[in-house]
Amino acid sequence: MRKYLARRLMLVIPTVLGVTMIIFIAMRLLPGDPLVAIFGLEGARRMTPEQRANLEQALGLRDPVVVQYGKWLRDIGTGEFGKSLLRGDSVTQFVLRRGPITLEIAVLATLLSWMIGFPVGIISALRPNTRMDYAGRFFSILFVAIPGFWLGLVAVLTLILWFDYKAPILPVYPWENPWQNLQMVAGPAVVMGLGFGGFVARIVRSSLLEVIQEDYVRTARAKGVHEQLVIARHALRNAILPVITWSSLFLGVALGGSVAIEKAFGVPGLGLTMIDAILDRDLPVVQNLVLLYVVVFVVVNLITDLSYAWLDPRIRYD
Amino acid sequence: MKWRLRKTSGFLGLLVAVVLVLAIAVGPAAMPALAAAPAPTAQPGEPFYMKAIDHDKAKRGGTLRLAAHGPPSMFDIYASGTIANVGAQSPMYDLLVRQDPRDPKLPIVPSLATSWTISSDGMTYTFNLRKGVKFHDGTDFSAEDVKATFDRIVFPPANLLSLRSLPIKETVVLDRHTVQMKLSEPRDSYTFLALLAGGWNVITSKKALDKYKGDLKQVDNFPGTGPFMYKSRTTESWEMVRNPNYWNPYAPYVDRIVHVWLKAWTPELAAALLGGQVDWAMWLDPSAYQKVKANPNMSGVLWLAPNLSSWIGFNTDRAPLNDSRVRRALHLALDQDALSKITQQFVPTAQLMDYLPPPYGKSYEELMTEYPNAAGTREKAIADAKKLMADAGYPNGIAKTFNFVVRESPQNRQLAAYAQAEWERLLGVKTRLDVVQVSAMVDRQVAGTFDMISHAACLGGADLGATMRMCYSINKATGKKSDSNFTNFKNAEFDKLLDQFSIELAPQRKAQLGRQLNQILNNEMPNTGLTTDGRAYGWYNYVKGLPKVGGNSDYNTYQWDFVWLDK
């Protein structure tokens with residue numbers, strides 16, 4: 001297990017480095033003048049060539065590309081993720097301030113997806129081709145199919161136009177005001193949770209249907225084990241692995257910023273930060289947030305892989 | 001001309017004096033229309049202190065939440081061209097003189113300067129400064145701070161930017177509370193005072209400017225004397241609290257203001273206002289503005305920005321666009337009012353405008369009833385356009401496909417598509433739309449690598465002569481075309497008249513010169529689609545003390561010192 005962990009950790013380094021190179025090159029290929037972002041159209045236009053040169057020098061834009069890349073890696077190494085071109089804020093400030101909101105939404109959405117997906121999936125699998133199964137499948141497909149941002153917009157518009165209500169728009173943390181915090185994160189978490197829950201229900205159903213046909217389940221039943229125990233101990237434990245894989249992907253996506261849903265709800269999480277930065281060509285923010293998302297994915301995937309061995313005794317890494 | 005505000009005068013007397021003197025000095029041509037406004041009174045013996053409209057009923061305290069267009073990308077207000085800076089930072093600072101925030105149609109009123117004298121040649125302004133004023137860091141305000149501020153603005157260090165164009169040759173400290181500005185060329189008093197009253201010329205301390213060597217880009221809390229003080233700034237908002245030592249004993253009325261960053265014209269902005277998360281919002285989209293107007297608990301106002309703004313500029317260096325007949329033909333082929341209608345899908349209102357505002361140019365009402373904009377003259381305009389093309393040697397259109405650079409935005413794309421279709425349909429002029437992102441526009445504008453270009457807006461300002469020079473003439477310091485002269489417009493007669501217009505002090509003569517300048521631009525037609533956009537503001541009725549009419553000012557004159565909350 002330790003060897004496996006060490007090997008996986010070693011692989012993380014080239015993966016992340018490769019990603020930094022791709023991000024860096026992609027950002028350099030995008031059109032855009034950072035000085036316009038900072039000083040506006042009028043400001044950039046009215047600069048003398050000398051002023052432009054001084055400002056570009058100060059921003060490091062006159063350094064060779066390799067040097068710029070090296071400086072970025074150095075900054076990452078020191079935990080200094082650069083500063084937004086369009087805001088007087090650093091990327092670290094964004095992550096520290098908005099990251100907890102996104103984390104909260106992601107965790108809540110994943111938990112909610114299990115709370116919805118497991119019961120629906122189990123009932124569907126145990127009562128196949130019944131009305132309950134059809135209803136479960138219908139709603140699963142419905143929530144998978146409906147784009148989350150659309151559902152979010154409908155929810156926001158309904159609340160505003162019918163109830164003159166809008167959830168808080170400034171970050172409120174659970175330790176500051178749990179009720180306000182819940183108002184802020186509940187909408188995105190429920191919308192994402194419903195979508196993910198549909199997936200989970202589908203996966204649990206198909207996986208469980210497959211498992212309950214296995215010999216060991218038939219044997220357990222033949223030995224007179226109670227049906228609930230058969231499902232809980234023998235079938236579900238094996239059927240859960242694909243759900244864990246999918247859930248880790250969901251969590252990664254949600255942690256990486258539920259971009260469209262945060263935008264729809266206007267929740268100041270990292271997803272909203274990302275989409276605003278992309279639209280504004282705020283390259284340092286895009287560059288560093290993409291890197292953050294990659295790292296999050298890599299770490300979540302690693303934890304997921306390690307959890308397999310714990311969940312399924314047949315899996316051994318050494 | 002010489003006048004002085006007496007400390008012993010009542011405010012009503014002062015206001016009348018200001019109005020009369022300016023009326024005599026500047027005359028009706030350059031005077032803003034005076035609106036009937038309540039005249040607050042001041043106690044005898046007090047210097048010039050303003051109060052909120054309805055001061056006697058005003059409640060104190062509370063938090064005012066503003067949906068602000070921001071955040072600023074940096075904090076050097078003198079180097080900034082965006083409202084994100086001036087809007088957010090203004091409450092922490094004072095100006096030397098200011099526009100009356102209670103009614104922007106009133107003349108300039110004192111702020112840190114309590115009175116001033118103007119030499120008869122219009123070249124020297126002497127300001128008497130308010131005494132007993134302190135910066136937020138506790139240092140005393142004096143004439144040295146005014147000099148340091150205007151030196152930073154007018155003569156920025158080589159590595160720093162200043163986007164303000166002030167005709168100041170020298171700022172001289174006469175004594176601790178008297179400062180004199182010597183102008184590089186004359187300006188009529190209204191123009192110069194209105195320039196100083198621009199929200200960008202905030203007074204900061206010499207100590208701070210020395211400490212940071214004039215570079216305030218990273219300094220979000222450089223000390224001011226304003227009604228509100230820095231409290232905290234986050235990635236979403238900027239919070240300021242009441243200055244307990246503010247020099248005006250009546251202001252501010254609220255304890256705290258929070259600027260919440262919400263982008264203009266977005267659903268998020270509308271949702272925040274309509275959902276009650278902010279008390280006031282600027283630059284609403286048309287739909288949100290209609291909802292505000294329909295809500296009995298809310299109010300709104302539309303303000304037409306007096307910018308020299310055109311949607312399409314022609315590169316007058318390139319053939320055949322160097323022929324004014326071709327440019328005029330292209331102009332006539334477009335239904336100018338239709339351009340405004342397209343714009344109205346994106347902004348609450350837009351109006352066709354002349355190159356220069358009245359009294360130099362025509363008003364919207366005049367334009368809409370006269371050729372070529374009147375509905376009944378459209379066919380004649382199209383016939384004239386075709387004749388102009390034939391006269392220029394292009395009776396069957398032009399073989400060349402023009403490069404039409406369009407700034408990326410739904411509004412610009414639609415306007416450009418309309419122009420493209422009409423030019424090809426009516427005149428046989430083909431264009432290729434080259435849609436570019438905003439930051440790539442600068443390169444195209446400066447390099448002149450286009451035939452036509454959209455969003456050829458040229459920002460307005462109090463000094464119309466300076467704005468025209470920036471948009472249609474040469475930079476006198478460099479001898480090259482001005483930085484906002486996208487169309488590469490060159491006209492010797494225009495330049496000569498512009499020189500005279502800028503320094504003319506006599507109102508009648510100035511109006512005559514302005515009309516001549518406007519006529520040249522109409523003949524030469526370097527742009528088409530001259531439109532002024534309306535900006536919509538909305539707020540809840542419990543927010544009191546806001547101007548009830550649109551004026552010649554925007555968020556940049558708001559210090560929020562006379563706003564109070566009725567709740």
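Helices (H or I, at least four residues) and strands (E, at least two) are DSSP runs, numbered from the N terminus. The views below show a predicted model, in which local features need pLDDT of at least 70, side-chain atom pairs count only at pLDDT 80 or more, and totals for chains, interfaces and linings use all residues. Residues are numbered from 1 along each chain as its sequence is written, and chains are lettered from A and ligands numbered from 1 in the order in which they are written.

**View 1. Overall architecture of chain A.** Read along the sequence, chain A follows the pattern α-α-α-α-α-α-α-α-α-α-α-α-α, with 13 helices and zero strands. Along the principal axes, its C-alpha atoms fill a box of roughly 85 × 60 × 35 Å. Of the 318 residues of chain A, 39% count as buried (20 or more other C-beta atoms within 10 Å of the residue's own, with C-beta atoms placed from the backbone). Among the contacts in chain A with a separation of 6 or more, 75% join residues 24 or more positions apart; two residues are in contact if their C-beta atoms, placed from the backbone, lie within 7 Å.

**View 2. Helix H5 of chain A and its bend.** H5(A), residues 91-126, has 36 residues and reaches 49 Å from its first C-alpha to its last, close to the 52 Å expected at 1.5 Å a residue (1.5 Å times one less than the number of residues). At A:Arg98 the helix H5(A) bends by about 45 degrees, and a proline, A:Pro100, follows within four residues. The bend is the angle between axes fitted to the seven residues ending at a residue and the seven starting there.

View 3. B:Met229 has B:Val241 of S9(B) as its bridge partner.

**View 4. β-α-β unit in chain B.** S15(B), residues 401-407, and S16(B), residues 430-436, run parallel and are joined by seven bridges. B:Val406 has B:Val435 of S16(B) as its bridge partner. Together with helix H12(B), residues 410-427, these strands make a right-handed β-α-β unit: with the strands pointing away from the viewer, the path from the first strand over the helix to the second runs clockwise.

**View 5. Contact between chains A and B.** The contact takes 39 residues from chain A and 38 residues from chain B. On the side of chain B that touches chain A, H13(B) gives the most, with eight residues.

Note on methods. Two strands pair if DSSP finds at least two bridges between them. A residue is buried if 20 or more other C-beta atoms lie within 10 Å of its own, exposed if 12 or fewer, and partly exposed in between; C-beta atoms are placed from the backbone.
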